[in-house]
Every structure is written in C-alpha cells, then in structure tokens.
Amino acid sequence: MSDVVKGIVVDIDGPIVKAINMNTAGMLDVVYVGEKSLVGEIIKLDRGKATIQIYEENSMMGIGDEVVSHKRPLSVLLGPGLLEGIYDGIQRPLMELSRTGGNFLLPGVKADPISFDKKWKFVPIAKKGDLVSAGTKIGYVDETALVRHFIMIPPDTKSGKIDYISGEEDKTVLETVAKLDNGAEIKMAHYWSVRKPRPYKERLSMNRPLITGQRVIDMFFPIARGGTAAIPGGFGTGKTMTQHALAKWSDADIIVYIGCGERGNEMTDVLNEFPHLIDPKSKQPLMKRTILIANTSNMPVAAREVSIYTGVTIAEYFRDMGYNVAIMADSTSRWAEALRELSGRLEEMPAEEGFPAYLPTRLAEFYERAGLIRTANDEEGSISIIGAVSPPGGDFSEPVTQHTKRFIRCFWALDKSLANARHYPSISWLDSYSEYNDEIKEYWNGVDADILNVRAEAMTILKREERLAQIVKLVGPDSLPDSQRLILLVADLLKKGYLQQSAFDEVDMYSTPKKQSLLLKVIMNFYWSSENTLKLGTPLIKIRELGLVDEIAKLKSTVSNDNTEELENYIFKIKDKFDELMKFYKV
Amino acid sequence: MIKIESLGLKKIEGPILMLEKNADVKYDEVVRVFDEKRNSQIGKVLSVNEKSVVVQVFGNTSGLTIKDTSVEFLGIPMTIPVGRDMLGRVFNGLGEPFDGLPQIFTGDYRDVNGAALNPYIREYPRDFIQTGISVIDGLTTLIRGQKLPIFSGNGLPHNVLAAQIARQATLKNATEEFTVVFAGMGVKYDVAKYFIDNFERSGVLSNVVMYLSLADAPSVERLLTPRAALTAAEYLAYDLGMHVLVIMTDMTNYCEALREVSTTRGQIPSRKGYPGYLYSDLASLYERAGRIKNKKGSITQIPILSMPNDDITHPIPDLTGYITEGQIVLERELFQKNVYPPVAGLPSLSRLMKDGIGEGMTREDHKDVSSQLFACYAKVKEIRALASVIGEEELSDLDRKYLDFGNDFENKFLSQGYEENRTIEATLDLAWELLKTLPESELYRINNKYIQKYLHEKG
C-alpha cells in the first residue's frame, strides 16, 4: 500500500471541493489540491469520493485538478520556536510569509511553522538508561526569558530505555536528541493532530483562581485555573478590550490568543502592544509568553473553523510541560458561523438559525479540552479557556450563546448600557455568574479572612440598588429615605470606584488581589460607618459633606499595587472622620 | 489565453444560468454571455462539477433564450483596469466607463476580489483625521486607515454628512489631500449627482474616482461595485502612495443583492433570509481598509448603510458593527429636533480612537474630556427619562443642571453648519464650555491637572 493517494477534482462550490479516486485516503487527512497545492482536509468520504474543505482561497481551481494526500491528519508542529509567533488558522507563520510572500496572503504560499534552521541549546535532564514513556521530560531549551521549553517524549511513542541522549548542544528542531532502545528517535519537534486531544494522566479538581487583575472578575466572578468562561456581548460592548486585558494581566504562564474571524487591526494592536508591556512579576515583555493565532474575518473561512483547534492543541502541548495556559478565543461565534457556512455548502440539514445540529457537540468538545490535569511527569498543568461570544443583535437567546452556557461555568455578560456610558469592563454584575466561587474560596481566605463576607455584602448592595433604581425611575431619588439613598450612593461608589477599571490608566489597569480586597473594604467601611451614623440621626447630606466619596472613587488610580498600606490607613481615616461627625449627634 | 465558447444552456433563473459542462472550466472565472444578436454581458462561474456549470450574470437576463445563448469562458478571474488616469473618471459597477469617455489606457489589470492582507504586515492606524465636525472629532474620532460606517435611516442626512467629511477631512498639521473613491450601489441618480456636484464645487472632482451601479442597473452588478472600487483604492494607496477615502453607499442594497443571488441558488438561509456567509462576505470588503508597514498610502472606509426600520439589530448593521472599527449612528429623534449632524452620542463609537488622540496627536485632555462627555450625556438621558415621569419641577438642582447641559450639548456641540469646519482645539474648548456648567465634583473622569489647566487657568 502506497503512502500517497492521488485523486481528481470533480466538483467545486466555494471552499468545498469533491474528488474521486480517493479510496484509500482517510477521514480528516490533509490533502494538497491543484498546481498551487492548496491545503485542504477530507471531511466526508463516500466510497471513493472525498469531500474536501480548502483552507485557502481557491479561485481558478479547475475540474480535473490533482488531489494529493499523504495519509496524515491535519497537524500542528510542536517544538521550540512557537512562542512570540503569529500563525494563521493552519499554523502557517505569518511573519515568515510576509517576508517570502509579500503583503497579501496569496493562495499556495508555504513556510515551515517553526524554523528548521534555527539552533536551540538543548540541555538534557534525563540520562542514558533512564526508563521513559510518553510525556516524560528529557531535556529543555530556554526558549524565551520567560519560558523554559521542555522537550518531552511525544505522546504516541512506546516507552523504553534511553540508549542515547545528546549532551548540552546546539541543535535544530529536526535533529535527534535522544534514541530509545525500542528504536524510537526523539527530536525536539513533533507533529500532533489538531482534532485529537493530547493525553494526560488524570483530571484534578480546581482550587486556585486565575488572577486576571480585573477587579470585577477576580473579586465577583472569578475563573479557576483550568476553568472555562464565556464573554458574550453585542458589538461595541468591549469583548476584545476585555480579552486583551485578560491576555495582558492574567497570571498564566502561557497565553494563546486566537483571533478567530475578527479584525486584522486588532491582531496588529496585540503585535504592537505586547512586546512593550512588561510582566509585573518577571519584568520581561509579555510577548515572550504569548502565541497568536490570527485568522481574521477576511481570511478563508475553513481555516477559521480549524483555528481554535490549532490554538487549543498548542495550549495542550505547553500544559503537558506543567504550565498554566490561558486561551483567549475571540470570537467563538465566528467559529460557529464558519461551521454553519461549511455545513450549508455540504447541504446538511440545518437546526436552529441555520447552524448545524452538531454545533453543541463541537462546542462541548472544545470547552472540555480545558481543565486542571496531572501530567505524565506528575506535575500540575492547566488550560483555562475564555471564549468571546458575539450574539447577533446582542440577543443572548441565540443558539451559540445558549449552547455555550451549557458548557462553561463562568459567564461574564457584557452590558450595552454600561458600554454606552463608557463603563469598562462592561461586565454586568446582575447577569454574570461564576460557579467557581466555592472551589477557590480558600485562596481568598488566604488573602483576607473576611473578604468573602464583605464581598457578599457588596453584592447585596448592588442588587438592592437595582430594585431601588426602579422606584427612582418612578418617583425620583428625593422621595427615598436617607438609608435607601445611602444604598444608591454606595452602589454608585462601587461602580465608579471599584467595578469600573481603566485599561489605559498606568495604576488602574491591573490590581493585585491584596489591593482588590483592601479597596473593597475601604468602600464597605465607608458604608458601615455611614449606616451607623445615619441610625444616630445624622442626615446623609452631612456624610456627603465629609468629602470622602470623591476621594474614595479615585483611590483605584491614586494608590498603586505596591502601596496598599495607604488603603489600610484610609480605613482609619474614614473611622476618624466619622467619629468626629458622630460627636455632634451622640447624646 | 484560451477562450472557449459553449452552448448548452439548460436553465435560466433570475441572474443565474445553468449550463452543461463541455469545456475546461475554472471556479470563479469570468464568462461573457452572448444573446442571439451577439450582445454580450459579463458573468462569473459560481460552482462547477463534472456535468454542469452555474454562472451568475452581472446584467439583465431578460431576452436570453435557452437555444441561442452562448457563453464564452475567459479563463481569468474578474479584473478591472487600473492606472493614474482613473482619477476624475466615472465607471459602472463592472469597471466600464460610465461617463462617455473611452476606457483608461493601461496594461495593468487587477483581480477585483483582492487577497487578504497578512495581519502581520498591517500597520496599526493611529493618525488622527480632522473632519471639522465636533461630534466626530471629539467623541468618535476618525483615524487614517479605519473603517467607520455611518448607520443611518431612510430620510436622514447621511449623504450630506459623508460629503462634508469627504470635503473637510484633513490630517492635522499636514497639507496632504485625500483621494476619494466613491462606490454607489443601487443609489438613485440624484444621490450620485449630489456627490458629483459636491466634489465639483469644492474643486476635488479631479481627485475622485466613482464606481456607480445606479438603482436601475441589474442588482447583481452591485456585488461587484464595491470590489471594483476597493481594487482601485488599493492601487491608488499601495501602488501610488495616496491616502484614499472610500465612501460606499448604500451597503444595505449590496446585502439585498447578495440575498437575491443566494435565494435564487437555493442556499440555506440564516437570519432574515440572508445567506450564512454574509459576515464573511462583508468582511472581505471592510477588511480591505487599513495601512501596510513601509507603504505610504492608506485606505480609510466610510460605508453608509440605511438600517431597515431604524433597527440596529437588523443583520446588516449588526454584522457590519462586528467587523468595522466602530460606527457613527444617526438618530431620528435628533434629526426631528433639527440637530445637524444628528449623531447619536451614546451608541456611536470609534474603536481606534484610543491610540490616535491625546498629547502630540490631538490634545492632552482629549481622552478624559470625551470620556466625561459620554458619561454626562448618559446621565442626561437617565434624567430625561426620570423627568418624563415625575416632571421637571421635582428634579434636584443638580439634575436640572444636567438637563441644561444636555440641551447645550445637542444645540451647541452636536449642531453645526454644513459648511462649518471646526478645528479640534475649537471642539475641545467648546466641550469645556459645556462641562463648566456642571459642578466640578461631577467631572470625575477628568484628571485633576486638566481641570486645573483648562477650567481654572483658561476660564
């Protein structure tokens, strides 16, 4: 049986092409079509007739063009050189293509996903005679200043003893670094199918939050390491801005940012900005831990479909090294639309709104690749997935949002009216939820013993304000008693001084958990003192006259993460000011 | 180039022809369709298999007969000629002269479909374009290389606004002029005429290229019109190094034509009968805006679309908003109050604004001022809703101040004349005039040092 199958194109309808004489080709195998050898994937086999989706623009493809398959599934190449890279949906390196292929992405241009020529300094950590199996770390390469890239035995390799292992030596990714007694030759890079999840030892239950530095998320709607979250919101509500903020400040080791069917300029923005952003811990540029997958809206739709699998496979590879990886997928709706478009061309029976019936299955498969796991080396690794959803017309009842909600446990609903008032991040505190609060409570208890109670009370105020706002709409705020107007005042303070966070303010853009908890306590201390003072008969106007409100609202951008004791002092200041006020009203 | 002519037409349905495959046919290639009198029109191959070919005709299929129609396959994708001589000319949607003059003389033909720009080679747009219109410059700043659509409704003055932008757009402290490429899809002749007259009056007509597919032209021609225009724009920008402003009106007509073809082909519809690939298709137009590293030119797009029934959640404005970098939304209520331009403050947005304004680009206080104006105007809307229930008398003093601020905002800041051209400094000073009427404690989004500088020292 030969390793190459050759067929002939008999039908072309946009990116969906049919070819005959494909008897021995396998489902999901990669094919190369026509003179330009455009990349495609077999998505349906009907006797000898294969249905192929083409990942490149296939204008001027003709009937009778040759189809070649090497009987290999669509794969990504995993090895040193991935970080700081920008790839399209099928892992073509866009930086390399811009050098060889010009400004526009012309069909048929090709380049190696990671450099085959570049030499990396391989450092062994296993030695001759060690028994190794799939996933065992045998050495490493310091790929960037932020990331040590471990070389592992590829997952489909049989276990055996190391016969030979290279010493500390500069090697290319294709050179052999180790040989096993069963004949397997280990190189620094290997291929892995994008549609097949990489194996791991076992799943663990989550217990730590992924700290994002965004107060509304970390404090009120946290995501666990290994968790899944969705950000739905109509256009202009700030999905991408929120995703960018998370990619910048979350405390993951590796960020995989998938720009799936979105704007080209947004990817440029990331490319321009990330090299200049400095990681608060390591003082290195954030780009050194980031991988970008850019399949913008005008790039071929089939490659958009595969782009999220490419991203998640790369993420799994780093997870297997024992890293915490965060995936930002912007936007999963565009991916679902790509599914719909391809399904339509296949003339499949549509379910809701033209989406194929298997949409929920595919979404589930994708989100299930997140998780906290034990790796082959008995370390912990995790993938957290944060998917943006772009519901048409901002209507959350549409299929993609609804099905996504079934598979995620953290829901950050973006609100149009908040965005209109330029309240960013426009995460609604009424519609959002997180199921991880319980799992990670130990972490917050460690930051501050009673912060969870304080948080719950703050949340109650926001909920009460919502109801009061209904009344205010009918009768105006002046007819409410002072105790209720205090709720309005504090809720407003929470919104302006806590939930709202500027992505452009040097100080405010990122808050440590310590600052987050203290700032919330400052606001709530103000509330408690006010409440007590009101009970003694002080009018609310006197409390306003203390001038604390405006100051507290600006604390988020005046107190930096390193000076949190200022916030502790401020709590005393509040107490002093109120004590003074109360002197007048105490009998 | 081998030209193959084929008979064997099987079916005609609207603009779609089905014929037997008896020649070597390529997907997406251009065809020429001849009727019995040898009058020809252009079409392209939509799909092909071993037995049959589906062709879409960019013209009128009335009068075509099954027996005598022949189709010539040209073996090339759809192209238009490009050259410097395009400037000052008017073409139809297919790139053929529409002004009675001969076709431009050039050997350079470009594929109208273009190709996707490599995201890596894009230059992030950050040059502020001063349009002289306060609400745009101040609140939804236009950046060179941006795609910023105008969401309008029937009867609203979107054309007047677009013409004013085209006339007044200039870079701050630069003398470079914009070249305008105009794509008219399904527009009435008088609309096209309005733009021509406008360009003529301001003396820029020789710097304008127009592609017109008027309301009476075959609807499928509209599918090619914006592509032809953008191909011309890419040539002017990246080959000749010009700064190009592309005005496309009306995108709604374009989408209607797309739906028409899709329905005729029996494709599975998604929302409101529009094809599932409407998003990808629109993206293939809008994403052609931008800048390229190491190239001088740029393409800025201002697509205009009329929202059916003023509904911003309709698939056309909805999908457009997801692709473009913001939107300028026109509001009927403001229009009825006689405010020009009736730009709705809150839903309008410019995504690229953040990097194109501030010190060295516009003025240091721009970010804070615009953010504060948005916040205050949002508050005004809330108070107005409240006032309509409890009456203005019941409002607090502060609320009443906000109401006055709201009226001033609409009548002084938003409103301006068709010919009025305000500098960015004038716009920002005007904004401070308005903010002055509110208590200082309400200006919580503005950095104290700007309050000191612009409120106390200046005022």
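Helices (H or I, at least four residues) and strands (E, at least two) are DSSP runs, numbered from the N terminus. This is a predicted model, in which local features need pLDDT of at least 70 and side-chain atom pairs count only at pLDDT 80 or more, while totals for chains, interfaces and linings use all residues. Residues are numbered from 1 along each chain as its sequence is written, chains are lettered from A and ligands numbered from 1 in the order in which they are written, and side-chain values use heavy atoms, with hydrogens and water left out.

**Stop 1: backbone features in loops**

Select Glu347(A), in the loop between helix 6 (332-345) and helix 7 (359-367) of chain A. Glu347(A) is a residue other than glycine with a positive phi, near 60°. Most residues other than glycine have a negative phi, and most peptide bonds are trans.

In chain B, select Asp250(B), in the loop between strand 17 (243-249) and helix 5 (251-264). Thr249(B) and Asp250(B) are joined by a cis peptide bond with omega of about 5°.

**Stop 2: helices 11 and 12 of chain A**

Select residues 451-475 and 482-499 of chain A, which are helix 11 and helix 12. Their axes are 9 Å apart and the helices pack at an angle of about 120°; axes are lines fitted to C-alpha atoms, for helices over the stretch in contact, and angles run from 0 to 180 degrees between N-to-C directions. Helix 11 and helix 12 of chain A are therefore oblique to each other, given that angles under 35 degrees count as roughly parallel, over 145 as roughly antiparallel, 65 to 115 as roughly perpendicular and the rest as oblique.

Which residues make the contact? Among them are Leu462(A), Glu465(A) and Leu468(A) of helix 11 of chain A and Leu488(A), Ala491(A) and Lys495(A) of helix 12 of chain A. Contact means heavy atoms within 4.5 Å. By class, the residues of this contact are eleven nonpolar, one polar and three charged (Ala, Val, Leu, Ile, Met, Phe, Trp, Tyr, Cys and Pro count as nonpolar, Asp, Glu, Lys and Arg as charged, and the others, Gly among them, as polar).

**Stop 3: helices 3 and 4 of chain A**

Now select helix 3 (residues 239-249) and helix 4 (residues 264-273) of chain A, whose axes come within 12 Å and cross at roughly 25°. That makes helix 3 of chain A roughly parallel to helix 4 of chain A. Thr240(A), His244(A) and Lys248(A) in helix 3 meet Glu266(A), Asp269(A), Val270(A) and Glu273(A) in helix 4. This contact has one nonpolar, two polar and four charged residues.

**Stop 4: the interface of chains A and B**

A salt bridge is a side-chain nitrogen of Lys or Arg within 4 Å of a carboxyl oxygen of Asp or Glu. Two salt bridges are found across the interface of chain B and chain A.

Show the whole interface, where 78 residues of chain B are in contact with 75 residues of chain A. The two chains bury about 6,100 Å² between them, 56% of it on carbon and sulfur atoms; buried area is the accessible area (1.4 Å probe) that two parts lose on being put together, summed over both. In chain B, select Tyr27(B), Tyr120(B) and Tyr322(B), which lose the most area to chain A, together 13% of what that side buries.
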